[in-house]
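Subject: Structure handover

Hello,

Here is the structure for you to take over. My notes follow below it.

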Amino acid sequence: MPVRMASYVLMAATLLLVMFVGLLPGLLAACLGFLLTRWINSWLLFLVRKGCHHPSAKLLGWLSTIAATLVIVGPLVVMFFALSHYRGFFLAAPHQFSELTDYVARTILDFKDNLPEDIAAMLPKEAEDFQRTVAVYLLSKAAALANAGKIWLLGILYAYVGLLIGALGAIRVHKKMHAPLSDALKLRVARFGDAFRQIVTAQFWIASFNTVLTALFLLVVLPAFDLRLPYTPVLISLTFFAGLIPIVGNLLCNVVITIVGLSVSPVTALVCLAFLILIHKAEYFINAKVVGQKTHIAVWELLAVMFVSEAIFGPAGLVAAPLFYAYLKKELEAVRLV
């Protein structure tokens, strides 16, 4: 029991340290690198066994090394290709998001001017104060995003180092020795990895589904009716990255795209809102089925945890909350406390 309690304390201290020093990108990338290496290795092993029923230990070692190499070198190749062909887009990304935030803020300030006069006259005077408050907040965030280049680069560096650690950890040689604390920590890490696999994998596919439908709507459906939104590439990127955050990210995208649509015309805003509500309903159903069934987390639990975590750790708390809570629930279920 003391050993198990020590493993709980060490695991909790590690996760809190990750949040307080800003190493969340590295932690997520380490988990991703570990799972990708194991997945690639299993596929290579499957292919080898189709041609060779009993692969040697040396061949198994080579397969693990190849899998880790692909995970480590792959992102560098992709980044080199992306920077060679789309350097301007990636270097301007922080500035583009800053411009979008500034554009949304100014659209909110001009909210009444974009509405029909009859509807605008029905709005209470307090609405203008609320508009100014939201607009000032967004303008401050736009200024911060404009100077976020170094933070983005640091986050990418942390993520790559984490990916490297995860890939190397996946092919480590297991020593056959009994160490109680080490065994307990391995169990904690295994449960955390299982929570990561369930939450992040499901959310990745949900975000991809949402992004594909949004891209079709912005690039195909709206232009077919001679309607086009400004900052379309940035809106599509925002849909994917914000969509990785359960529930809240999707709502954020819906609000931003609807406000940008309002800057074009009230009809465009209504069309955007109707389409996004339809996507949201589909995404909500998938989220409830995929994430809820695997992790046994209700929507109200997830929202409450994300609200508290964001208040403590800021935007990083929104990303970490679903993963950390899913892990906590696995530990509680293992000892039959919930």
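Helices α9 and α14 are oblique to each other (angles under 35 degrees count as roughly parallel, over 145 as roughly antiparallel, 65 to 115 as roughly perpendicular and the rest as oblique). They pack at an angle of about 130°, and their axes are 9 Å apart. Axes are lines fitted to C-alpha atoms, for helices over the stretch in contact, with angles from 0 to 180 degrees between N-to-C directions. α9 covers residues 180–224 and α14 residues 315–334.

Please keep in mind that this is a predicted model: local features need pLDDT of at least 70, side-chain atom pairs count only at pLDDT 80 or more, and totals for chains, interfaces and linings use all residues. Residues are numbered from 1 along each chain as its sequence is written, and side-chain values use heavy atoms, with hydrogens and water left out.

The α9–α14 contact (heavy atoms within 4.5 Å) involves R188, R191, F192, D194, A195, F196, Q198 and I199 in α9. On the α14 side are P322, L323, F324, A326, Y327, K330, E331 and A334. Ten of the residues in this contact are nonpolar, one is polar and five are charged. Here Ala, Val, Leu, Ile, Met, Phe, Trp, Tyr, Cys and Pro count as nonpolar, Asp, Glu, Lys and Arg as charged, and the others, Gly among them, as polar.

Next, the aromatic rings. There are eight aromatic pairs. Rings of Phe, Tyr and Trp (its six-membered ring) pair if their centres lie within 6.5 Å; planes under 30 degrees apart count as stacked, over 60 as edge-to-face and the rest as tilted.

F204 and F240 have ring centres 5.9 Å apart and planes at 90°, so this pair is edge-to-face. F204 lies in α9 and F240 in α10 (residues 232–243), so the pair ties together parts 36 residues apart in sequence.

F217 and F275 are stacked, at 4.0 Å centre to centre with 10° between the planes. F217 is in α9 and F275 in α12 (residues 266–295), so this pair links parts 58 residues apart in sequence. F217 is buried, at 2% relative accessible area, while F275 is partly exposed at 22%. Buried means under 20%, exposed over 50%, partly exposed in between (1.4 Å probe, protein chains only).

W39, W43 and F46 form one aromatic cluster.

Finally, the whole chain. It has 14 helices and zero strands. Helices (H or I, at least four residues) and strands (E, at least two) are DSSP runs, numbered from the N terminus. Of the 338 residues, 36% are buried.

Best wishes
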